[in-house]
Amino acid sequence: LHRIVAEGPAGQREILASSMSRLLLERWVDEERDPAPSVGAFDGRRLPLLAQLVHPLAPHKFVQAVYRQRVYATHSSARRFEPLVERLHRLSLARLLQDTPSEAIHVWVSGRLGGRPGEQSGGGRAESFKTEDAEAALACHRAGGSLYFRAPEEVSDLLVTALSQQLGMSYGALHPDGAARSEVETFASRAGHTTDWHFDFMENFTLQLSGSKRWRLKRGDVAHPVRGCTPMWRRKDAAMLGAAEQQAKCHAQHSGGAAAFEPEPAAEELEEGCEDVLLTPGSFLYLPAGTWHRVECEEDSLSVNVSLIGLCWADVLGDALKQRLRCHPAGRAPLCLHSLAQGRSQLADALALLAKEAAALRPVDLLPACMPPPRPLQLALPLASEADA
């Protein structure tokens, strides 16, 4: 079968590859008996990373019923993440800070003086700043601050590459220069640290490696948001205020109008009917883009989050139409108008040209044979140790 997949006719290859992937996943994922597999482990047979994370749910069921639709959490032993812990310097914060590809490390400290490390009660809002000095960031953490920075590139390449391709993001997972659109963040949080209600525009996959965090979750009103919504930073400064206003305008447009979206809902409204999930070492949480969440760190903890960002169809179509319009002199012509009527007349001609080009485009023009869906069977998966290799 592997030989046919590699050498057979195109149609036969696709059918067999799909069938073999399904058989392998169903063989590995037994919802009744199998313990949660180690993430990144290798014991003689390869198991895709997505199957490792979403166990006991089969990956195809996750894609069909969960992905981009609802929250999903699993809990298991901390040993589950042992292969990743090895790649994360055994969770040594000093070594992780030295190995981060981040240009700057984000530091959060309590906005209220006199509290215990990380405490934010009594109305004190967390204050944040950035530092390029890993030693300074480590000192802030020892003094009670919480840190946010990118995970080592080896871990990011492993998790982002595997998940994006196994979830069908295909070439949309990459920038035109081949760099990944997604990243893996590390959160080194101190007990008492709280990130208030907000939502992100990424698909988030959180792995709790040490300590515990309580997540409060509520479904949002904006499907597939292109911006996040961070009202907790709204009162910071003029730049933050401007970003918050842009977020609000964007989400109002995408949710059906200004009256349909509240950029800063009351905490009571979000708390009502929200889901409560406690993550402990070995827990995994998937959070669809646009899900409101509030995170409270119950004890000192360390977690990594895979933030998946993909290319959207609007960008694919918009870029294609731009290239087609530039094939015409009228499309390349600079703006030149001396009255509103003259400008609208030129726009009418341009819109007619746009409609003609859009009608002529075919799916095969935008998704040619040279850009096929990924081939998971050829994906290099991690090994538990060099000895296993």
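In the predicted model, helix α7 (residues 134-142) has A134, A137, L138 and H141 as its buried residues. Viewed down the axis of α7, these buried residues fall within an arc of 100°, so they line one face of the helix. An α-helix has 3.6 residues a turn, so residues three or four places apart point the same way. The cover over the buried residues of α7 includes α6 (93-99), together with strands β2 (105-109), β3 (127-131), β4 (146-150) and β5.

The N-terminal end of α7 is capped by D133, with a side-chain oxygen of D133 placed 2.9 Å from the backbone nitrogen of E135. After α7 comes G144, which has a positive phi, near 115°.

Strand β5, one of the elements covering α7, spans residues 183-189 and contains T186. The relative accessible area of T186 is 0%, so T186 counts as buried, the cut-off being under 20%. Beyond residues up to four places away in sequence, T186 touches L147, Y148, F149, R150 and A151, as well as L302, S303 and V304.

Elsewhere in the model, an open sheet is formed by 4 strands in the order β6-β11-β8-β9, with antiparallel pairing. Its edge strands, β6 (194-198) and β9 (275-279), each pair on one side only. From one strand to the next, the twist averages 15°. Strands of a sheet pair through backbone hydrogen bonds, in either a parallel or an antiparallel arrangement. Within this sheet, β8 (residues 213-218) and β11 (residues 292-297) are joined in the antiparallel sense over 6 bridges. W215 stands opposite V295 of β11.

How values were computed
Residues numbered from 1 in each chain as written. Predicted model: local features only at pLDDT ≥ 70, side-chain atom pairs only at ≥ 80, totals over all residues. Heavy atoms only, no water. Pairing = 2+ DSSP bridges. Helix = DSSP H or I, 4+ residues; strand = E, 2+ residues; numbered from the N terminus. Axes fitted to C-alpha atoms, helices over the stretch in contact; angles between N-to-C directions. Buried < 20%, exposed > 50% of the residue type's maximum accessible area, 1.4 Å probe, protein only. Contact = heavy atoms within 4.5 Å. Arc of directions from axis to C-beta. Polar contact = N/O pair within 3.5 Å; in protein donor to acceptor, adjacent residues only side chain to side chain.
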